[in-house]
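Dear colleague,

Please find below the structure I am handing over to you, together with its sequence. The findings follow after it.

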Amino acid sequence: MCGIIGYTGSSNALPKITKGLSVLEYRGYDSVGLAATTEEGIVTVKCRGRIGALEERLTALSLEGCTSGIGHTRWATHGGPSDRNAHPHQVGRVTLVHNGIIENYKEIKAEMSANGVEFLSETDTEAAAALIDACYAASGDPVAAILQATARMKGSYAFGVLFEDRPGEVFAIRQGSPLLLARGADGFYLASDLTALLPFTTEYRCLEEGELAHLSPDGAVLLRAGGEKIIPAWIRSTMTPESAQKGGFAHFMCKEMHEEPEAVRKSVSSRIREGLPDFSADGITVDFWRQITGVQIVACGSAMHAGLVGIDLLERVAGIPATCHIASEYRYHPPLAAEGTLVLVISQSGETADTLAALRYAKSVGLPTLAIVNAVETTIAREADRCVYTYAGPEIAVATTKGYCTQLSVLYMLAAAIGHGCGRLSDTDARALVRAVSEDAPAAMAEILSRREELCELARVLAPHDHVFYIGRGVDFAMSEEGALKLKEISYIHAEAYAAGELKHGTISLVEEGTPVIAIATERALYDKTESNVREVQSRGAHVILLCPADMARGEVSATDVVPLPHGSEAATLFAALATVQLLAYETAALRGCDIDRPRNLAKSVTVE
Ligand code: F6R
């Protein structure tokens, strides 16, 4: 949800900023811009469109000698995508880029307009630039100006700020939106995400809320509101520049799907001791599990779909009541929580504003919280009482794949740990479940990924259609929700998921000759019931693609097409179904010529509510 980069040092800033922006594009890509300090002052170049459009403008300008600057890639919130609304925004001596939303921007704009400021854009950001400029005019001190201005802002922000009369200096501050600093051999950086800086450095430090960063070619200093100055202690990341590259695949999404088996193994193996689930390395002991009487899972989008599977796992395997909630609804309609209820938030990015707000709400009413997060050191990871990381590595494609499947694998392990820790799951059953997730599931996903041609043929069935239905029962209904979301977001085909038995209560009237229906039936106990629902739609002309365990597929099956899934264990079959729906969505979007890694209107990290 908007990407920020900044640099100051001894090298040319422009290629660094444009390179960083091209990596950050996944955060928003409707417009792009940068501001660089030149001998003539600050030059701002910005436009609607993507990084290529900005590079064309830069080539035409041939700016030279810019060794500091800030850049931004935008996901529009206030004011549509346009040259005018693109960042950076400049008012008086202040030029800035912003990620987040200034909720009281109208009030600030009105006050600044009354003082003679003429606003050029529809953005909330320009109000922030005007307010900082007004404070700077009053104090002449950039640090005081930023602190005074931000103290008046409500909402969320990460800012990169330049002052016309402070060449070579870059200032940054954040609240609720991510921002980190980094040190390279030839200067200092700021960015929304470390992946943007991997081509230059791996030494970084997250900017804490309430800290203001002052970067110059000579160093980085952090200032706290009380006036305390700190020299940052740098952390070295183990990520490499390759982590943020496509590695020979046509799209990041394809690369990331192929990383799934390994990502699941990694996320699970560190939580196994002597074949049993063990989260002690995450600082969670058996005593903690024993205090839990129920779980409320809270998340958004795909992470919420992982939570839907989580309900089944926690109730069936761990034997405790569980519910799953859409994060953006949670704090407005908080469910009743009995003593001992754990709030489990799930987030790949660790920065999703709705999930963060739900987490903060849960903490504010005194509920214990646990987060499943992929991106390390992010706000959700740091604010939750406890955090269990998934080890998916950086996920760049907007549609999550390896992020989701590692969330699922950790949910299996959590359910096994709670069930075993509370004496509701025997040693033998706990070991079998751990083996299913750590060994069978990655192998089953790898098998599906090796059957790409078969799935490409089935994608040809889906590609010409405008509507597709997904049906399933139990966890397969949850998987249907994920399959439908994946198809919608990247192929723009309207897709809906239904509990297999529910379709006949109205929606079946939409099924006509050739309507594609993807039926997921990994749960053996429910197979016959789902098979009846397959017959219902098939006899009304639907083209049914049935995903079921391979041994079931050998019997008489009524579907038009069948995808036989590896069937070592139910967990393996479910992960295989996941890889199948992901690959089907991917191949369908590819056939339709869609922009798979950057679907329209979306952004990877949704840091606005
Ligand atoms: C769909 C997708 C989104 C995210 C959702 C939550 O492919 O990626 O639905 O799952 O925005 O994001 P995180 O997990 O980062 O909180």
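**Helix packing**

The helices α16 and α19 cross in a right-handed sense. Please note that the model is a predicted one. Helix α16 covers residues 475-491 and helix α19 covers residues 570-591; their axes lie 8 Å apart, at an angle of about 20°. Angles under 35 degrees count as roughly parallel, and α16 and α19 are therefore roughly parallel to each other.

On the α16 side, the contact is formed by Val475, Asp476, Met479, Glu482, Gly483, Lys486, Leu487, Ile490 and Ser491. Their partners in α19 are Leu574, Ala577, Leu578, Val581, Gln582, Ala585, Tyr586, Thr588 and Ala589. Sorted by class, this contact of α16 with α19 comprises 11 nonpolar, 4 polar and 3 charged residues.

A second pair consists of helix α3 (residues 105-114) and helix α4 (residues 125-139), which pack with their axes 9 Å apart and at an angle of about 50°. The helices α3 and α4 are therefore oblique to each other, and their crossing is left-handed. From α3, the residues Tyr105, Ile108, Lys109 and Met112 take part, and they meet Ala127, Ala130, Leu131 and Ala134 of α4. The contact of α3 with α4 has 7 nonpolar residues and 1 charged residue, with no polar ones.

**The largest pocket**

The volume of the largest pocket is about 990 Å³. Its lining is made up of 44 residues, and those closest to the centre of the pocket are Met239, Asn374, Ala375, Gly393 and Pro394. Two or more lining residues come from each of the elements β11 (203-206), β15 (235-236), α7 (260-269) and α12 (379-383). Helix α7 provides the largest share, with 3 residues. Divided by class, the lining of the largest pocket holds 17 nonpolar, 13 polar and 14 charged residues.

The largest cavity holds about 60 Å³ of space. Which residues line the largest cavity? They are Cys2, Arg74, Trp75, Ala76, Thr77, His78, His87, His98, Gly100, Thr123, Asp124 and Thr125. In the lining of the largest cavity, 7 residues are polar, 3 are nonpolar and 2 are charged.

With kind regards

How values were computed. Residues are numbered from 1 along each chain as its sequence is written. This is a predicted model: local features need pLDDT of at least 70, side-chain atom pairs count only at pLDDT 80 or more; totals for chains, interfaces and linings use all residues. Side-chain values use heavy atoms; hydrogens and water are left out. On a 1 Å grid over the protein atoms alone, a cavity is a set of points where a 1.4 Å probe fits but cannot get out, and a pocket is an open set with protein on both sides within 12 Å along at least five of seven lines; lining residues have an atom within 4 Å of a point. Grid points are joined across faces, edges and corners, and a volume is the space filled by probe spheres set on the points. Ala, Val, Leu, Ile, Met, Phe, Trp, Tyr, Cys and Pro count as nonpolar, Asp, Glu, Lys and Arg as charged, and the others, Gly among them, as polar. Axes are lines fitted to C-alpha atoms, for helices over the stretch in contact, and angles run from 0 to 180 degrees between N-to-C directions. Helices (H or I, at least four residues) and strands (E, at least two) are DSSP runs, numbered from the N terminus. Angles under 35 degrees count as roughly parallel, over 145 as roughly antiparallel, 65 to 115 as roughly perpendicular and the rest as oblique. A crossing is left-handed if the near helix is turned anticlockwise from the far one by less than a right angle, and right-handed if clockwise. Contact means heavy atoms within 4.5 Å.
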